[in-house]
Amino acid sequence: MIIGLSITRDIHDWLYGAMPEWAASLTEMVLIALVYLGIFAVAGLFLVLLERRIAAWFQQRLGPNRVGFQGLLQTMADALKLLSKELTGTTKADTFLYNLAPYFVIISSLMALSVFPFTREFQAFDINIGLFFLIAVSSIGVIGILLGGWGSNNKYALIGAMRSGVQTISYELSVGLSLLTMVLLTGTLQLSQIVEVQKSGWLIVQGHIPAIVAFMIFMISGTAETNRAPFDMVEAESELGAGFHTEYSGMKFAYFFLAEFINMFIICAIATTVFFGAWLSPFGITESIPLLGVFWFLLKTLMLVFLMMWFRWTFPRLRIDQLLTLEWKYLLPMNLVNIVIMAVMVWLNLTIKF
Amino acid sequence: MSYFSEIYNGVITLLKGMSVTGKYFLNSRKGAITQQYPDNRDTLKMFERFRGEVIMPHDEKNEHTCTGCQKCEIACPNGSIEIVWDRGIDEYSGKKKKKIDKFVYHLSLCTMCGLCIDVCPTDAIKWGQNFENSVYDRTQLTRVLNRPGSKLRAGVED
Amino acid sequence: MESTTIKSNFKSEEYFINMGPQHPATHGVLRLLLTIDGEIIKKVEPDLGYIHRSIEKMCERDSYQQIVHLTDRMDYLSANINNEAVCLCVEKALELEVPERVRVIRTIIGELTRISSHCLWWGVMGMDVGALTTFFYGFRDREMLNDIFEETCGARLTMNYNVPGGLMFDIHPNFVSRVKEFIAHFKTKIPEYDRLLTENVIFQKRTKGVGILSREDAISFGASGPVARGSGYSCDVRKYHPYSALDQVDFNEPLRTEGDTFARYSVRIEEMWESLSIVEQLIDNIPEGEYRVPTKAVIKLPKGEYYQKVETARGELGVYIISTGTKSPYRLKFRSPGFSNLSLLNHIAVGGKIGDLVATMATLDLVIPDIDR
């Protein structure tokens with residue numbers, strides 16, 4: 001039915017025709033995993049480049065522009081360099097945890113990537129508790145950070161890891177509650193259903209004021225979740241050197257680094273899905289061509305990514321106690337009130353629907 | 001109420017800060033403040049007073065104006081200048097006169113203070129604008145400034 | 001921090017952390033031995049000597065002309081003011097009157113140096129509290145000043161433009177127009193600095209009420225410069241012992257009474273305005289005349305002791321020369337502002353978090369070669 005995407009259907013049919021059912025589904029899983037790994041690598045590298053170029057433009061610099069056209073291959077070259085580097089480590093490190101940590105971080109962000117509806121039919125895993133799954137999986141990553149900080153036997157790394165633990169526990173609440181506010185509107189956790197609901201107006205329009213408040217809270221706590229400036233207590237290079245990944249080098253460092261950017265992408269993708277109608281085009285202008293959904297999804301996500309980068313390159317870093325004050329004294333009470341308002345609104349049918 | 005006004009004022013100041021960086025972002029097309037150094041080598045011109053290295057200008061007849069008075073050697077705080085000299089008959093006046101054999105300049109010891117050039121009575125040495133002073137071997141930093149076969153310009157007295 | 005009296009089965013233990021000598025926040029090779037309880041700092045012990053070059057001893061070897069260039073390497077961010085200090089001291093000893101032109105030019109370049117130092121400090125201050133973009137904006141404006149210095153003095157950082165008796169050479173013909181251009185440019189940039197960092201709510205929360213230094217402590221620790229003025233201790237050498245052309249100009253001494261990090265920060269921002277106004281007052285009336293009084297090739301100071309102090313970007317720099325009548329000083333002592341300012345770090349950082357320490361240290365504006373000499 002859809003040119004371009006029907007190819008997945010064709011492959012699916014062909015696999016099931018050519019093989020026994022178990023072999024077919026196994027092959028299909030491997031294929032999908034490979035596709036998503038590809039997306040993961042490309043998206044991560046591209047985001048790193050984007051960040052560096054955008055930072056340069058904010059700072060009146062040029063940024064990387066040597067490798068490839070306008071520096072497009074720069075991060076590829078960096079990844080190659082990191083691959084070829086020696087994996088150093090401290091002698092007194094807890095070797096098992098030290099080596100395990102990067103995989104925790106990277107696998108959790110890879111898992112989260114799988115549930116996004118990039119466009120109609122382009123969703124690897126349409127689970128009925130999609131949003132819940134996302135929140136749950138994205139907070140596994142912090143275990144990796146904690147393990148890395150603990151395992152590397154470095155005091156700076158340990159402080160960084162402990163900070164990240166505190167931060168994630170606190171901000172997880174805000175992320176969950178702000179998404180819960182929107183779930184009140186949709187009535188479902190399944191991401192494809194959430195998109196379906198938004199066909200009569202994006203949720204940020206449907207829910208108007210409480211939705212905008214929820215969106216702001218989500219963006220703030222999402223930035224904190226990904227440990228990015230102004231909430232980069234975990235790395236805080238002027239305080240802790242490099243924080244939890246002080247002792248990591250080579251590809252293990254690259255895993256942490258890539259995961260950070262993928263996490264940023266994930267937070268923005270959640271915001272896109274829940275608040276801005278995922279792959280739906282504005283006013284339904286390209287509804288007939290679902291392939292363009294990918295374009296709209298990425299466009300919206302990258303706009304939000306840009307917003308997060310703008311935050312990062314403008315604001316000073318918060319102190320650890322101020323970080324907690326912001327969460328417990330400001331975001332959390334506001335969030336709880338916001339949920340009640342949203343509930344009342346849904347009850348009284350005050351939402352805007354087209 | 002101060003709770004809400006605090007939030008409001010806080011958000012306003014954050015937006016102000018973002019407007020500053022945002023303005024530069026939008027104007028980033030106008031060019032960066034940084035330079036693409038090895039690329040702009042041809043157009044890169046240092047100021048004429050820039051202290052890159054000490055040079056001894058020679059004219060087309062391979063003559064310099066260093067009389068070998070050694071004032072620069074005394075003025076130098078780090079011993080970067082060594083003058084190897086001799087006495088010889090001056091071909092113009094016929095008198096016995098101090099003559100430089102080698103004007104040795106150790107760039108590796110030089111702090112670019114400019115005292116030698118300040119003190120030189122005949123302006124025999126001056127600043128060169130070359131700033132790319134890195135070499136692979138330390139011995140290349142010890143330079144003899146007077147060219148081989150060069151001699152003192154006629155009539156130069158200190 | 002209010003202490004809680006909850007009995008706990010956990011035993012908390014203080015631990016050491018080495019901050020530096022290679023650490024992004026120590027701006028050089030300063031090593032701090034921190035005793036930390038969790039995030040809270042219990043004790044800060046600065047460990048010095050990583051770039052000690054025995055400049056004072058070297059001065060005993062050198063002639064008075066040669067001493068000047070060594071002072072560039074102390075507080076390299078206010079190199080010209082350091083040079084001026086030595087030259088003033090030598091001139092004082094020789095009872096040498098320098099021409100009016102020299103005095104005005106020295107003051108202008110000194111104030112420009114102060115602005116350039118504060119520009120760098122502002123950029124790094126922002127970077128220390130986590131706003132990386134400020135670094136580039138600060139350096140952008142500093143770059144204009146560096147170009148001015150390079151055109152006139154020949155070097156961007158270690159200028160060595162002053163000699164006992166005047167200046168090494170006259171100002172460049174472009175100097176006046178370039179400085180005016182800079183003044184016009186920089187007047188639009190300081191408000192931008194304010195919008196980007198000073199008014200930012202996060203920055204204010206980070207700095208207000210942090211690292212409080214009382215006026216009494218500032219005096220007893222021998223603090224000077226913006227650090228002391230942030231605590232309400234009026235100590236501007238330019239005001240109380242004017243040197244060069246500073247008695248001809250009209251300027252205010254910025255004072256704050258809070259004594260916290262933000263007070264020190266805002267004193268420096270205001271100093272940039274004041275320095276701009278000093279330069280503005282002088283730039284149009286640089287008197288004609290000689291740029292140098294000839295001195296003997298070998299300067300011998302009369303037997304005796306001489307002291308001259310100036311206000312560098314960091315505070316009071318004193319030059320104390322004991323001469324026995326020979327061509328080099330018997331003893332030369334620099335009273336550097338950074339050393340006394342660093343000594344109070346332990347006093348004001350204890351009880352704060354690691355982040356506070358970094359912000360506090362940034363407003364002390366340490367230049368390590370100045371401390372180690």
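# Exercises on a predicted three-chain model

Thr134(C) counts as buried because 27 C-beta neighbours lie inside 10 Å (buried: 20 or more other C-beta atoms within 10 Å of the residue's own; exposed: 12 or fewer; partly exposed: in between; C-beta atoms are placed from the backbone). This is a predicted model, in which local features need pLDDT of at least 70 and side-chain atom pairs count only at pLDDT 80 or more, while totals for chains, interfaces and linings use all residues. Residues are numbered from 1 along each chain as its sequence is written, and chains are lettered from A and ligands numbered from 1 in the order in which they are written.

## Exercise 1

Place Thr134(C) in its chain and list its contacts beyond its sequence neighbours.

**Solution.**
- Step 1. Thr134(C) belongs to helix α5, residues 133-153 of chain C. Helices (H or I, at least four residues) and strands (E, at least two) are DSSP runs, numbered from the N terminus.
- Step 2. With neighbours within four places in sequence left aside, Thr134(C) is in contact with Trp122(C), Gly123(C), Gly126(C), Met127(C), Leu196(C) and Leu197(C). Contact requires C-beta atoms, placed from the backbone, within 7 Å.
- Step 3. Ser234(C) is 100 residues from Thr134(C) in sequence, and their C-alpha atoms are 29 Å apart.

## Exercise 2

Decide whether chain B is more spread out than a compact globule, and describe its make-up.

**Solution.**
- Step 1. Chain B contains three helices and seven strands, in the order α-β-β-α-β-β-α-β-β-β from the N terminus.
- Step 2. Its radius of gyration is 27 Å, well over the 15 Å of the globule rule for 158 residues, so chain B is more spread out than a compact globule. The radius is taken over C-alpha atoms, and the rule is 2.2 Å times the number of residues to the power 0.38.
- Step 3. Along the principal axes, the C-alpha atoms of chain B fill a box of roughly 100 × 35 × 30 Å.
- Step 4. Of the 158 residues in chain B, 22% are buried.
- Step 5. Among chain B contacts between residues at least 6 apart in sequence, 76% join residues at least 24 apart.

## Exercise 3

Work out the strand order of the three-stranded open sheet in chain B and identify its edges.

**Solution.**
- Step 1. The order is β3-β4-β6, with antiparallel pairing; strands pair if DSSP finds at least two bridges between them.
- Step 2. β3 (81-89) and β6 (142-144) of chain B each have a single partner strand, so one side of each lacks a neighbour in the sheet.
- Step 3. From one strand to the next, the twist averages 25° (axes are lines fitted to C-alpha atoms, for helices over the stretch in contact; angles run from 0 to 180 degrees between N-to-C directions).
- Step 4. β3(B) and β4(B) (residues 96-106) run antiparallel and are joined by nine bridges. Ile81(B) stands opposite Tyr105(B) in β4(B).

## Exercise 4

Characterise the contact between the two domains of chain A.

**Solution.**
- Step 1. Chain A divides into domain 1 (1-84) and domain 2 (89-348), with bounds from an automatic or database domain assignment. Their C-alpha centres lie 20 Å apart.
- Step 2. Domain 1 of chain A gives 18 residues to the contact and domain 2 of chain A gives 21.
- Step 3. On the domain 1 side, α2 (21-58) and α3 (74-84) of chain A each supply at least two residues; the largest share, 12 residues, comes from α2(A).
- Step 4. This domain 1 side has 15 nonpolar residues, two polar and one charged. Ala, Val, Leu, Ile, Met, Phe, Trp, Tyr, Cys and Pro count as nonpolar, Asp, Glu, Lys and Arg as charged, and the others, Gly among them, as polar.
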